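Try each task before reading its solution.

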Amino acid sequence: ALPGHLLRGLLPLLTIFHLERAEDAARRAGLSTQPIWLKLWDDVMKTRPPNSQSITCWRKKFLETFFSNVLHGVLDVSSDWRLHDRHFSPLLHSSPHVSQLTLCNMLQGAVELTAEHNHKVLENLAASLRVLKFQHLLSCDQPIRRSLVLLLHRLIHHGSVSQVSMCSWPVPDTVLLVLILTMSAGFWRSGNALACQGSPCGLCREEDKAQSQQSAQEGAERGCTAEREGSGAENQKSSPKEADACMTSVLSGPRSPPLRNAACEETSSEVPCGHSSSQGGSSPPSSSEQLSCHPIPRKTRRWQNPAVGRKRRCLRRSRGHYADSEDLYDFVFTVAREDNSGLLEKNRTTEGENTENWASSSPGSPCTGHAGYKKRGGPARTLSPKAAHRFRSVSTLELSSIPLNGETCRTLSNLLSSWVSLENLVLSYNGLNANISCILSGLRALSRHPECRFRVLRVSDMFSHMPCMELVRCSLSALPQLHTLSVSFDLKNQLEGTRPEASPSCSEAEIPESCLEVLEIRFPREPLHTALLLPVLKASKSLQQLSLDSATLPCPQELGLLLEVLKECTPNLKKLSFHDVNLAEHQKEVLLLLQDPGLQEITFSFCRLFESSTAEFLSEIINTVKRNSSLKSLKLPGNRLGNHRLVALADIFSEDSSSSLCQLDVSSNCIKPDGLLEFTKKLEGHMQQRGGQLPFTQLRLFQNWLDQDAETAQEALRRLRAVCSVVNDAWDSSQAFADYISVM
C-alpha cells in the first residue's frame, strides 16, 4: 500500500524474494520491474544471453536461468545479497517460472529434482515446464536411471512437457536413449525394476481408482440393459420401484478391488507364476515372456475374455537388477505391433482373434521383420493392447547430433507408428543413411491412424543417402497430411559408389494431393531439375513458402522453367527464398520474381546478384520494387551491395513509389559507417517528402563493417532509429577478414 514514489525507490533495494512479492503492487502502481530484473541479470549472470533484444520479460528469463544454474551447482546464492534471504528457497520459488529445462552429463539434476525434499519443486515444474532438453549425456547407473524415470513420468505422463530434445550425444547409451524415447512416447514398461518401489505414483492410483469405478458402473449398466432386453414386454411394464432398484445397482455396482497400475507398483511376489522356477537348472523366462504376462491396465469398454486372463503369466525378474536393453526393445516392438494391429483390425469385435504382424502395415519397408528384434530369440509373444497403458506423450521430438544405428531406428520407427500426439519431428545429423526409410515406414503407419496429428518433419544430415528430390517425394507419398517438410544435406555420400540409384517405388509413385504449406530443400550441391520438382509442386496446391538452398542450375533455362512451374502450380505461394544459388547470370528471372504480385517475401541470400551486373540492373531492381505494392519483405544478405548500392536502394521509398516494403535485410554486404549515414540522410529526405510517413519498419544490418568508424556508425544508427527499427550486432570485421583470408 506504499505510494508510487516510495515504491519506486524501494524496489531496487529488495531481495529477489521480496521483489517477487512486490510485483503485483508495482503493477497496480503503474511501475515496471523490468529494469531491476535486467540490472540483476547483468550483476549476477555477467553476460547478456544471445538475442537479448527479443526478450520481453527479464523477470522470467532471470528466474528460469537462476533455477538452472542453482540446480547444476554453477551459481552460489551467497555471492550476492539480493539472492540470499532466509525466507527464500532458490529452487522452490523460481520453479513456477521455468518453462524450459536442460539436463546434462550424468543427470545430476534429475536426481536432485526427484529427491523427497524437492517434492513441491517437482509439482511446480509439472505445471510450468514445456520443453525438456538433454545435452551431452553420459552413461549412468541404475539409481540415476530410476530418478530419470520418475522425473519423466511426472513431467511428461502427469505434467505439461510438450517437447523433448536430445542433442550432442556422440556415443549414446542405447538403453538410456531408448528409455527416454519410450517414455516420451507415453509408455512406461510393465513391471519395470525402475518402478516406484514402495512408493506408488499417487496420480496413477487415483486414475486406477476412477477407472475401476467406471468399469464397475459400466458393467452394472450393461447387466441392467441385458436384463431389460431379455425380459420382453413384461419388463417394459415394471413398476417404478423395480426401475429404482436397477438404478441403485448401477450407481453402487459390485465392489471390485481397484486395478493396480503396474507402471507404478511392484508386482506382488504372491502372484502365481505360470513358468517354472529358474532354480534347479531350468532357464529363466525370456524378456518376451515377461512382457506378455504382466499387463498394464488400460481403459476399455469391451468385456475381457476370462480365458485371456488365465493365460497370462506373471513377470519374473531379478531383484535389484535393471531390465536390460533387450527388454526395452522387445517392449517397444510388441506394443507397436499391437497398436498398429488394433488400427488395422478396428472393425473386428471377436476377442479371441489373433492380431496381425506389425510389418503388414508397411510392406517392403526396411523395418519389416525387425532384424534386431529377431536375433534376440525370435518374435516376442504378442502383447495384448489391453496390456499397454498409454500415458500422455509429447508433441515434439528433436534428436540432434546423436548417431542412430539400425536397431535404434527400428525402435524409433515402432514408437512413431502409434505416437498419435506427435506433431513435430526434427532429426538433425543422426547419420541415418538408409535408415531414413525405416523412419518413414513408422511415420507412414502413423499417418493412417485416424487421430494422427503429425504435421512437421525436418531431416538434416551431413551426407545424403539418396537424391534430395527422391526423399521429398518419398516423404510426401507417405505423409500427405504434412504442413512443413524440410530436407537438408551438406554433402553427397562420401563414397560415390555407395550412393543408391533412385528407388522406383519413390521416383515413379504418384504423389497424392498434399496439405504442404512450407517446403525447404537444401541440396548438397546437386543440380536443380525442375522436372523432378514439378510433381511435388503439382501435388502441393496449398504451398505458401518455398526455400531452395545450395542448388546448382544445370542450364541457363532451368530457372525460367522453375518460375513458370511456380506460377502455374502454386497460386498461394507467398514466400520464396534462394540461398547460395548463383544467380549472377539470371538477371531477367530475378526481375520477374520481384514484380510477381503474389509474393510477399523474397530472399536472395548469397546469390551473387551483383557479381557481374551493371548500374542498369540495380536501377531496374529499384524501379520494379517501387511498382510492386504486394512485396513486404526483401532480403539481400551476402550480395556485395557495398555503400553505393545501399544508398541507391533508399530510392525505393521515394515520393513517387507505390511500394509497401516493410523489411529490408542488407546483412553481410560490406557496408561501412559513411555509407550507412548517407543512406539514412536519403531516407530522411524521402520521409519529409511523404509527410513524415514511410511503410519501412525494419532494417537488418548484421555482419557489416560498422566497427571501422564507431563515431560515424553511432550517429547513423541514432538517426536511422528515428525512421525505422534497426537490428544489428557487434561484429569484428577485422577478425572476420583474417578468417576469410586464412581459408582462401
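**Exercise 1: Strand E7**

Leu-491 is part of strand E7, which runs over residues 484–492. This is a predicted model, so please read every value below as computed from it.

Solution: 
- Step 1. Leaving aside residues up to four places away in sequence, Ser-488 touches Val-459, Ser-460, Asp-461 and Arg-522.

**Exercise 2: Cysteines**

Task: Work out how many disulfides the whole structure holds, and how far the nearest cysteine sulfur is from that of Cys-409.

Solution: 
- Step 1. A disulfide is a covalent bond between the sulfur atoms of two cysteines.
- Step 2. Searching the whole structure gives zero disulfides.
- Step 3. For Cys-409, the nearest cysteine sulfur belongs to Cys-438 and is 6.2 Å away. A disulfide needs the two sulfur atoms within 2.5 Å, and Cys-409 is in none.
- Step 4. Cys-409 is buried, because its relative accessible area is 0%. Cys-140 counts as buried too, because its relative accessibility is 8%.

**Exercise 3: Helix H27**

Task: Compare the reach of helix H27 with its expected span, then find which elements cover its buried residues.

Solution: 
- Step 1. Helix H27 covers residues 673–689, which is 17 residues.
- Step 2. From first C-alpha to last, H27 reaches 25 Å, close to the 24 Å expected at 1.5 Å a residue.
- Step 3. The buried residues of H27 include Leu-676, Phe-679, Thr-680, Leu-683 and Met-687. An α-helix has 3.6 residues a turn, so residues three or four places apart point the same way.
- Step 4. The cover over the buried residues of H27 includes helix H26 (642–649), strand E14 (698–700) and helix H28 (710–720).
- Step 5. Just past H27, Gly-691 has a positive phi of about 75 degrees.

**Exercise 4: The whole chain**

Task: Find what share of the chain is buried.

Solution: 
- Step 1. The chain contains 29 helices and 15 strands.
- Step 2. Of its 744 residues, 50% are buried.

Conventions. Residues numbered from 1 in each chain as written. Predicted model: local features only at pLDDT ≥ 70, side-chain atom pairs only at ≥ 80, totals over all residues. Heavy atoms only, no water. Helix = DSSP H or I, 4+ residues; strand = E, 2+ residues; numbered from the N terminus. Buried < 20%, exposed > 50% of the residue type's maximum accessible area, 1.4 Å probe, protein only. Contact = heavy atoms within 4.5 Å. Expected span 1.5 Å × (residues − 1).
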